[in-house]
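Me: I have a model open and would like to take a close look at one part of it. Could you walk me through that part?

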Amino acid sequence: MNRDRRKALAAVQTNLESLTSFIVNEMERDEGSIEDAKQKIEGVKSDIETLRDEEQDYFDSMPENMQSGDKGSMAEEAVSQLDEALSKMEEIVEKLDALITALAELAEIEGYTEEVVSYIDQACA
């Protein structure tokens, strides 16, 4: 391999190492931010569960004639809507978990780039 190609490969290697470092740093930062967001969302989900349970208790403690009336219907509808909200919140948590897993898998990129650097070094030898 001639000197110009070795020099060009050295530049490629430097760029690859810089890019890898950038990706790994961004990944670590993003994973922490996503984990924080997940915890906050789980807190909101817990608040919704508490309110749904309180509304369900309110409905359950009503006399039967009130349960079939306007107040009972409104309480049932509120519980139903809060159940839907909780279902969506669970989907959000699942998506965040998947994202965290994907970011962890991306950590393998560092090992791959080290192999590429090794191949470049061998090519220049």
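Is Asp97 buried, partly exposed or exposed? Please go on from there to the helix around this residue and its charged pairs.

Reply: Happy to! Keep in mind that this is a predicted model. Asp97 counts as partly exposed, because its relative accessibility is 31%. Its partner in a salt bridge is Lys38, with the closest N and O atoms 2.6 Å apart. That pair links distant parts of the chain, since Asp97 lies in helix H3 and Lys38 in helix H1, 59 residues apart. Lys38 itself counts as buried, because its relative accessibility is 13%, under the 20% cut-off.

H3 runs over residues 70-106, and its 37 residues should span 54 Å at 1.5 Å a residue; the end C-alpha atoms are 54 Å apart, so the two values agree. Buried residues in H3 include Gly72, Leu86, Met89, Val93, Leu96 and Ile100.

Elsewhere, salt bridges with shared partners join Lys45, Glu49 and Glu90 into one network. A search of the whole structure finds six salt bridges.

Key:
Residues are numbered from 1 along each chain as its sequence is written. This is a predicted model: local features need pLDDT of at least 70, side-chain atom pairs count only at pLDDT 80 or more; totals for chains, interfaces and linings use all residues. Side-chain values use heavy atoms; hydrogens and water are left out. Helices (H or I, at least four residues) and strands (E, at least two) are DSSP runs, numbered from the N terminus. The expected span of a helix is 1.5 Å times one less than its number of residues. Buried means under 20% relative accessible area, exposed over 50%, partly exposed in between (1.4 Å probe, protein chains only). A salt bridge is a side-chain nitrogen of Lys or Arg within 4 Å of a carboxyl oxygen of Asp or Glu.
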